[in-house]
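Subject: Structure handover

Hello,

Here is the structure I promised to pass on. Please open it alongside this email, and then read on for what was found.

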Amino acid sequence: MLRGVTHEEVHALLATYAAGALPAAQASAVRAHLASGCTDCLATLFHHPVGLPRPAHRAPAGSGRGRIVAVALIAALAGFGTAWIVQVRRAQELTANALADALRARLAQAEAERERVQARVDGLERELSAARAETGEQRDRVAALADARAEAARDLGVAEERIAALSRGVQRRDGEIDRLLAGADDGRAVRELVATPGLRVLTLASPGGKGSGRGHVVWHPGRAVAVVGLFDLPPLPAGASYRVSVRGEADAAPETSYVKPDARGDAVVSMRLRQAPGSRLSVAVDRDPPGDPVLAGE
């Protein structure tokens, strides 16, 4: 395995990696870099066409000996076509593995952040308990020392303000924990998805081959979750967003999610489905409003 590999070195290998022609040691180094969460390299990887290009087909001329040459050429092209299909599938698996590594890295970061927030909440709860105990002592002091009632009342007011501030802080942290736990549940679902044999990658393209934007969907027929990656989407007007619709083989209605891409037009969303999609998956990306189709795949 390569050691000391830099971002620039990995970036130079992405095209060969997407084509499935990279040696095992270099491919392992590229996957490790992608798993670190480098969004620039992930976006570049999705921009490369998957597999090796087909060579241009030239019709043989003449007869007799020309027909023999034509038969040989057809046989050679058939063998090349088989090798090309194998390379395409290998490149799709490599792309899915890279995305899975990046998702695992993001899940690990979310778990670490959840633990940090939980530790902070524990500290705030200890401070809250101490403040309440202090407030109780001050109340007893007010009852016992009539000559210090005014000063104790001021101290009591300050302590109660501190309790209110700490309570608001705890409530905010509770909300953060709930959001992180929801993200962790999605992360576990994605981790189960990418660990399942038979993972599939669906390419999204603009209807009619016009317009900008690209997309890929990682899914499995037996898992009720799909990961949608969108890249180079056109900028949105004010108040608009992109609507992602995913429908399985037996679904009467699609599951939808609304996303707003970053400055480069990229976005990744995990979609929970009502049930496993089966052998057929339909995905559509519209600009909403007004509902113009942007990307689609089936």
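A salt bridge here means a side-chain nitrogen of Lys or Arg within 4 Å of a carboxyl oxygen of Asp or Glu. Side chains of opposite charge can pair when their charged atoms come close. By that definition, the structure holds eleven salt bridges. Please keep in mind that this is a predicted model.

**Within a helix**

Start with Arg116 and Glu113. Their side chains form a salt bridge, with N and O 2.5 Å apart. Both residues sit in helix α4, which spans residues 65-144. They are three residues apart, so about one helical turn separates them. Arg116 is partly exposed, at 49% relative accessible area. Glu113 is partly exposed too, at 33%.

**Between two helices**

Next, look at Glu160 and Arg139. Their side chains also meet in a salt bridge, at 3.4 Å from N to O. Glu160 belongs to helix α5 (residues 149-194), while Arg139 belongs to helix α4. The pair therefore ties together parts that are 21 residues apart in sequence. Glu160 has a relative accessible area of 37%, which makes this residue partly exposed. Arg139 is partly exposed as well, at 45%.

**Between two strands**

Now turn to Arg243 and Asp286. The closest N and O atoms of this salt bridge are 3.3 Å apart. Arg243 is in strand β4 (residues 241-248) and Asp286 is in strand β7 (residues 281-288). The pair links distant parts of the chain, 43 residues apart.

Are these two residues buried or partly exposed? Arg243 counts as partly exposed, at 21% relative accessibility. Asp286 is buried, at 14%. The cut-off matters here: buried means under 20%.

The strands themselves pair as well. β4 and β7 run antiparallel and are joined by eight bridges. Arg243 has Asp286 as its bridge partner in β7. So this pair is linked by a salt bridge and is also partnered in the strand pairing, because Arg243 lies in β4 and Asp286 in β7.

**The neighbouring hairpin**

β7 also pairs with strand β8 (residues 292-297), in the antiparallel sense, over five bridges. The bridge partner of Arg287 in β8 is Asp292.

**A network**

One last item. Asp40, Arg264 and Asp266 are linked in a network of salt bridges.

Best wishes

Methods:
Residues are numbered from 1 along each chain as its sequence is written. This is a predicted model: local features need pLDDT of at least 70, side-chain atom pairs count only at pLDDT 80 or more; totals for chains, interfaces and linings use all residues. Side-chain values use heavy atoms; hydrogens and water are left out. Helices (H or I, at least four residues) and strands (E, at least two) are DSSP runs, numbered from the N terminus. Buried means under 20% relative accessible area, exposed over 50%, partly exposed in between (1.4 Å probe, protein chains only). Two strands pair if DSSP finds at least two bridges between them.
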